[in-house]
Amino acid sequence: MSTFENFFRLSVASLLRDRFLYLLFCLALLALILIPAFSLFSMRQVQELSVTLCLSTLSFLLVVVAVLTGASSLWRDVEKRYTSSVLGLPISRTSFVLGKFCAVALLLAVITVVFGAGSFAAIKVAAGSYPPDIPVRWDNFFAAVFFEYLKSVLLLALAILLSAVSTSFYFPFLGAIAVYMTGSASQDVYEMTMGAYGKELVPIARFAIKAVYYVIPNFSAFDLKTNAIYALPLAPVTLLLTLLYFACYTGIILSVSVWSFSRRELP
């Protein structure tokens, strides 16, 4: 077994000892139990509301885990001088950063699979109470679940990048939240700027908005909730381009993270 695999297992074991994750697990289980009941408040769109609640809850859970673990993973090890002992072993800083990233990405994948399976049962129960006019397109639903996972992994990579260059927890934590909120709204702002409203802006403002749009990750591209809720068809070309966007953007962010952490002076 390679040194990277050993470090990866240690990183996973460290995550499993975090009590906060067990609290999130209990809250997620409670949400799945309550979703069919809350869906009954919409007498005509019980199924649609249950799908909305499931996907929104999953998105919230993944964002919370990605931001908290991504922002604290490197910072906590540096703060506790854990890096001094680990990097003294035959393990590079590249393996250290990627091991942390892969461990949290695996945790996000487990959360996605477990909550996705629970959502399937919750939607079935809700839809059974009031049979819908349009049945659920489960391919759309699980595509939406998968892209929510990709969005959280991209956010995780960004949080690790901020953690690799920061000496405190607050900068990567607040920075990741700010970028997530900006990236979730950047598409709407960009389209508004390119429309009639944008003609009233000064050129420097339009340039700044365009620059932010192209630099900040576009998280809205991963949002397939509308397709899953109303059984709208998915465009394969759009999904493929989004996957390519995810791979390129995540690869660039991780490369910069490794480069930054490799040149950082550690205590």
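Thr-242 sits in helix H10, which covers residues 236–262; helices here are DSSP runs of H or I with at least four residues, numbered from the N terminus. Keep in mind that this is a predicted model, where local features need pLDDT of at least 70, side-chain atom pairs count only at pLDDT 80 or more, and totals for chains, interfaces and linings use all residues. Residues are numbered from 1 along each chain as its sequence is written, and side-chain values use heavy atoms, with hydrogens and water left out.

**Thr-242**
- Thr-242 has a relative accessible area of 8%, so it counts as buried (under 20%; exposed is over 50%, partly exposed in between, with a 1.4 Å probe and protein chains only).
- Leaving aside residues up to four places away in sequence, Thr-242 touches Phe-147, Ala-221 and Phe-222 (a contact means heavy atoms within 4.5 Å).

**The largest nonpolar core**
- This core has 63 residues, and Leu-108, Leu-155 and Leu-156 have the most contacts inside it; such a core is a set of buried Ala, Val, Leu, Ile, Met, Phe, Trp, Tyr and Cys residues joined through side-chain atoms within 4.5 Å.
- Helices that each supply at least two residues of this core include H2 (19–39), H6 (138–165) and H10.
- H6 gives the most to this core, with 17 residues.
- Leu-108 touches, among others, Leu-62, Tyr-149 and Leu-156, not counting residues up to four places away in sequence.

**Cysteines**
- The structure holds zero disulfides (pairs of cysteine sulfur atoms within 2.5 Å).
- Cys-102 is partly exposed at 31% relative accessibility, and Cys-248 is partly exposed with a relative accessible area of 42%.
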